[in-house]
Amino acid sequence: MPFTANRQFKAAPRLLSRARGMYYYTAEGQPVLDGTAGLWCVNAGHGRPEIVDAVAHTLAELDYAPPFQMGHPLAFAAAEKLKGILPSGFEQIFFVNSGSEAVETALKIARAYHVARGESERVWLIGRERGYHGVNFGGLSVGGMPNNKAAFGPLLGEVDHLRHTHDLDRNAFSRGQPEHGAELADDLLRIVGERGGDRIAAVIVEPMAGSTGVLPPPKGYLERLRAICSEHGILLIFDEVITGFGRLGAPFAAQRFGVTPDLITMAKGLTNGAIPMGAVAVQAPVHDALMNGPEAAIELLHGYTYSAHPAACAALIATLDIYAREKLFERARALEPYWQEAIHSLRQAPGVVDVRDIGLVGAVELAPLPGSPGARGYDVLCRGLADGLLVRVTGDAVALSPPLIVSEEEIDALVEKLRHAIAASARPSATPPDAKVI
Ligand SMILES: Cc1ncc(COP(=O)(O)O)c(C=O)c1O
């Protein structure tokens with residue numbers, strides 16, 4: 001099982017068998033409030049009939065079409081639809097099947113772009129400590145989570161990492177973007193000095209780091225990163241696999257923060273999680289640079305059997321229709337103050353060392369139990385589940401990202417259930433509940 005303690009799971013399985021709206025249901029029928037939009041992806045809530053119908057209709061009409069040297073109309077319709085919510089300047093889209101594939105694709109496009117422009121010495125790829133860019137070798141290399149890499153080396157060679165922006169001394173209990181840390185973007189100047197600005201192909205960052213435990217960017221940080229990249233001809237990639245599709249109260253983080261990268265990777269909320277799909281959007285100059293060889297030559301020797309699968313394209317179109325019709329991105333922005341107030345009320349809970357938020361996402365960081373980092377986080381996960389709440393834990397940080405359809409009452413219920421789980425997990429003598437009950 002992916003990212004799962006297999007033997008522990010087998011001893012006490014946690015199974016979800018149905019989902020509707022804001023809730024999962026266990027095999028026994030117990031409702032579980034979805035505090036994580038599945039895995040940051042079900043932004044329009046579960047079981048949307050419009051998506052189900054669109055997918056069923058499409059599969060009956062066109063089950064599959066080969067994407068190499070062939071196309072189908074829905075793929076182009078899906079790309080057009082997606083362009084409608086991207087920042088201006090993003091004219092071209094490459095479809096893939098996951099966030100990890102989107103990252104690999106973006107890194108390859110970045111290198112190919114420089115080769116096409118005659119700068120083939122630009123090969124370095126720069127990520128950031130604590131970054132998560134999926135599990136394939138490129139994404140793992142630029143990613144900054146050491147545990148994820150430990151068993152799989154050697155990874156890509158020409159890779160370096162910016163310092164992360166987690167800073168509890170200066171920024172604990174920030175609301176929205178933290179005040180301190182814009183200068184951390186200057187770490188890119190250190191890397192430029194060490195590696196040579198003319199040898200760096202791209203910088204890839206999550207505009208808000210998600211998987212590491214929700215780190216909104218310090219005020220001014222992304223602007224500085226953008227400026228340094230532009231100055232040195234380095235492509236800036238925003239990995240928006242989590243931040244895309246309204247999570248931050250705007251279609252993409254690029255719009256929320258007013259900083260435009262050269263490439264954007266996305267997945268998850270692209271199809272509301274219903275069908276696996278990812279995409280890379282590129283600014284026109286990146287695309288145009290690749291269109292320079294003989295017309296009969298394939299410009300980008302890259303792609304997947306299931307790129308722009310008809311069912312995924314149908315799910316994308318139906319999903320974006322729901323987002324627009326129900327104004328879910330605007331809804332997320334309007335709910336942000338309520339959400340912020342609610343989760344910051346957890347500051348008083350025992351052992352809470354930070355609460356952070358932006359848009360409809362947040363994290364509560366707990367002090368680790370002495371000698372066993374991560375144990376308290378896992379305990380909170382189990383206790384929450386036993387009480388009918390699904391959260392996501394990374395170490396001892398509890399991440400929250402409910403579907404954007406969440407009501408104020410459901411936010412209150414989520415926070416109360418979490419408050420109880422945190423309080424119970426602070427009592428070292430307490431035995432975690434038997435996860436089998438869910
Ligand atoms: C920022 C980011 N990039 C890439 C990925 C990988 O996506 P996937 O699991 O769909 O391969 C994730 C997954 O959480 C992510 O958060």
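Analyst: What follows covers confidence, then the sheets, then a few helices.

User: What kind of model is this, and how are residues numbered?

Analyst: This is a predicted model, in which local features need pLDDT of at least 70 and side-chain atom pairs count only at pLDDT 80 or more, while totals for chains, interfaces and linings use all residues. Residues are numbered from 1 along each chain as its sequence is written.

User: What is the average pLDDT of the chain?

Analyst: The chain averages 96, and 97% of the residues score at least 70, where pLDDT is the predictor's confidence in each residue, from 0 to 100.

User: Where does pLDDT stay under 50?

Analyst: That happens over residues 434-438, for which the model has 13 contacts beyond four places in sequence, a contact being two residues whose C-beta atoms, placed from the backbone, lie within 7 Å. Where pLDDT is low, the predicted coordinates should not be read in detail.

User: On to the sheets: in what order do the seven strands run?

Analyst: The seven strands form an open sheet in the order S4-S10-S9-S8-S7-S5-S6, with mixed pairing; strands pair if DSSP finds at least two bridges between them, and helices (H or I, at least four residues) and strands (E, at least two) are DSSP runs, numbered from the N terminus. Strand S4 (90-96) and strand S6 (159-162) stand at the edges, each with a single partner strand, so one side of each has no neighbour in the sheet.

User: Do S7 and S8 pair in the parallel or the antiparallel sense?

Analyst: Strand S7 (residues 200-205) and strand S8 (residues 235-239) pair in the parallel sense over four bridges, and Val-203 stands opposite Leu-236 in S8. Helix H10 (residues 221-231) packs on this sheet, touching S7 and S8, and its direction makes about 145° with that of S8; axes are lines fitted to C-alpha atoms, for helices over the stretch in contact, and angles run from 0 to 180 degrees between N-to-C directions.

User: And the four strands, in what order are they?

Analyst: They form an open sheet in the order S1-S2-S3-S13, again with mixed pairing, and its edge strands are S1 (16-20) and S13 (389-390).

User: Why does Gln-8 count as exposed?

Analyst: Gln-8, in helix H1 (residues 6-11), counts as exposed because it has 11 C-beta neighbours inside 10 Å.

Methods: Buried ≥ 20, exposed ≤ 12 C-beta atoms within 10 Å, placed from the backbone.
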